Every structure is written in C-alpha cells, then in structure tokens.
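Here are my notes for you on this model, point by point. Keep the viewer open while you read.

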Amino acid sequence: MNKNIYYPPGGILLWIIIFLELITFGMALVAMVYYDTLEPEVFHTSRLQLNSTIGTVNTIFLIVSGYFMAVSVRYFKNNKVKKSSLFLKLTMLGGLLFLILKSFEYSHKIELGLTIGYNTFYTFYWLLTLFHVIHVIVGLVILVSVHIGINKKKTSTNIEDVEASAAFWHMCDLIWLLLFPIIYLLF
Amino acid sequence: MKKLNIILSVLILLTVIAAVTSELEMKYAVFALIGFAIIKFIGVTFFFMDLRKAHTFWKVAILIFLLIFTTSILLIG
C-alpha cells in the first residue's frame with residue numbers, strides 16, 4: 001500500500017468526489033435536523049410512518065455488500081481473479097437487493113400519497129434517498145463494467161480500477177450509514 | 001480476512017442495536033444513534049476501504065468531517 005498523500009486507496013480524484021458527496025449529503029442532513037426543530041410534530045409523525053425494519057435490512061444489505069467488495073479487492077490483489085469475480089457478483093447482488101427493497105418501500109409510500117410534496121420531512125426523505133439510489137445504480141454500472149473487465153482473457157483492468165470502483169461502492173455505503181439513523185430513527 | 005469478518009459482525013450488531021434503541025425512545029437516544037453511525041462509518045472507511053493504510057492526511061480529513069458533522073447535528077438537534 002502506497003502511503004503517498006496523492007495515492008489514497010482508490011485514487012485521489014475519487015477521494016475528492018467522496019469528500020464532496022459526503023459534504024453535500026452532510027449539509028442536507030444538518031438542514032433536515034434544523035427543519036425538525038421548526039416542525040417537530042410533523043417530523044416525528046412522518047418518521048413513524050417509515051418502516052425502520054426495511055431501513056435496517058437495507059443497511060445490512062449494503063454493509064454485507066461492502067464487505068464482499070473488500071474481500072473481492074483482497075483476492076484481486078493476490079491474483080485470485082476467479083474468487084475476486086465471485087465476490088464482485090455477491091457485492092452486486094447486495095446492491096440489487098437494496099434496490100428491490102427500496103422500490104418496494106417507495107411504491108408503498110406512493111400508494112399512501114406520501115410523495116415529495118406531502119410535507120417538509122418527505123421532501124427531504126425523497127430528495128436524499130433518491131439521490132442516494134442514483135449513486136447505487138451508478139455504482140452497480142461501474143461494478144458490472146469492472147466485472148466484465150477482470151473476466152476478459154486479455155484484460156487491461158488493473159488493481160487501480162478495482163480499487164477505484166470499490167471506493168465508489170463504499171461511498172454509497174458511507175452515505176447510507178449517515179442517512180439511515182437520521183431519516184429512519186432519529187426524529 | 002479474519003479482521004474483516006470481525007468488523008462485519010460489529011457493523012451488523014451496531015445496526016440492529018441502533019434500530020432497537022430508537023424503538024425504546026430513550027432520553028439520550030440521539031447520542032447513541034449518532035455514536036453508532038460514527039463507529040460504523042469509521043469501520044467502513046478504515047477497514048473496508050483500507051484507509052488505515054493510507055497517508056495520515058486522509059485519515060485526519062475523514063475524522064475532521066465526522067467531527068464537524070456530528071457537532072452540527074448534536075448542536076442543532
């Protein structure tokens with residue numbers, strides 16, 4: 001592992017993106033907590049309408065998926081491409097399960113009329129979680145492309161590519177770790 | 001790999017504890033929930049993302065972000 005300041009795991013450009021994303025989501029969450037002080041009743045009743053079990057299970061899906069990603073990177077570093085590929089598939093499965101459960105949750109909310117304009121809480125809920133879902137979808141596309149790359153016989157995909165895709169995937173995990181307790185549990 | 005397995009178990013355990021804590025409606029639940037989130041965040045960055053092997057700058061940067069985020073949430077909330 002290179003301890004050079006310009007080479008964090010995944011590359012400096014990706015880490016700049018990670019910090020920008022964390023700051024953006026962080027500021028939005030701080031704003032959400034501020035609005036809770038203005039409308040505590042609305043936030044509390046709205047929070048109780050969310051299914052915290054779905055949120056918890058989704059958190060576990062992303063954590064386990066992140067674990068598989070970390071294992072995949074380690075196998076790739078040790079030139080065990082087949083095992084790395086297997087764990088990459090499991091990583092993507094975790095992401096897919098997250099999206100399936102999120103879709104179920106979204107459809108239920110839409111059926112109840114709890115859409116983006118319902119109240120301030122749901123404006124934050126939809127904006128933050130949908131923005132996160134977009135990141136998960138982009139992450140999955142990146143993982144699929146890396147998976148195809150490492151399974152080619154004459155591949156140009158190297159450890160830097162795998163580490164960069166892993167860093168992006170873990171970023172989705174990190175954002176969710178901040179969103180989950182505040183949106184589903186705090187108010 | 002053994003270390004990763006331990007971290008995974010801790011992360012899942014903290015997630016379940018956080019969900020249970022929120023149901024109990026304890027007085028200081030907010031501190032516990034944010035605290036669990038911070039521990040999980042550090043677990044993912046330092047172990048899954050291997051940040052512990054990176055230059056000190058990146059470790060300090062992530063800890064500063066967490067400090068500012070946590071302080072803001074707790075002060076405003």
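1. Let's settle one word before anything else: a residue is buried if its relative accessible area is under 20%, exposed if over 50%, and partly exposed in between (1.4 Å probe, protein chains only). By that rule, 54% of the 187 residues of chain A count as buried.

2. A bit of housekeeping. This is a predicted model, where local features need pLDDT of at least 70 and side-chain atom pairs count only at pLDDT 80 or more, while totals for chains, interfaces and linings use all residues. Residues are numbered from 1 along each chain as its sequence is written, chains are lettered from A and ligands numbered from 1 in the order in which they are written, and side-chain values use heavy atoms, with hydrogens and water left out.

3. Now the build of chain A. You'll find six helices and zero strands there, where helices (H or I, at least four residues) and strands (E, at least two) are DSSP runs, numbered from the N terminus. Along the sequence that reads α-α-α-α-α-α. The C-alpha atoms of chain A fill a box of roughly 60 × 35 × 20 Å along the principal axes.

4. How do contacts in chain A relate to the sequence? Contact means heavy atoms within 4.5 Å. Taking contacts in chain A with a separation of 6 or more, 79% come from residues 24 or more positions apart.

5. On to where the two chains touch: 41 residues of chain B are in contact with 46 residues of chain A. The size of an interface is often given as the accessible area lost when the parts come together. Here the buried area (accessible area, 1.4 Å probe, that two parts lose on being put together, summed over both) is about 3,900 Å² between chain B and chain A, and carbon and sulfur atoms give 80% of that.

6. What about polar links between the chains? Six residue pairs, both at pLDDT 80 or more, are in polar contact between chain B and chain A. That term means a pair of N or O atoms within 3.5 Å; within protein, one must be able to donate a hydrogen and the other to accept it, and residues adjacent in sequence count only if both atoms are side-chain atoms.

7. One is a side-chain nitrogen of Lys or Arg within 4 Å of a carboxyl oxygen of Asp or Glu. The whole structure has six of them over all chains, and two run between chain B and chain A.

8. B:Asp50 is buried, at 5% relative accessibility.

9. A:Lys77 has another salt bridge, with A:Glu163 (3.2 Å, N to O). A:Lys77 is in helix 3 and A:Glu163 in helix 6 (residues 159–186) of chain A, so the pair ties together parts that are 86 residues apart in sequence. A:Lys77 counts as partly exposed at 36% relative accessibility, whereas A:Glu163 is buried at 16%.

10. Finally, B:Asp50 has a partner in chain B: B:Arg52, with the closest N and O atoms 3.0 Å apart. Shared partners join A:Arg74, A:Lys77, A:Glu163, B:Asp50, B:Arg52 and B:Lys53 into one salt-bridge network.
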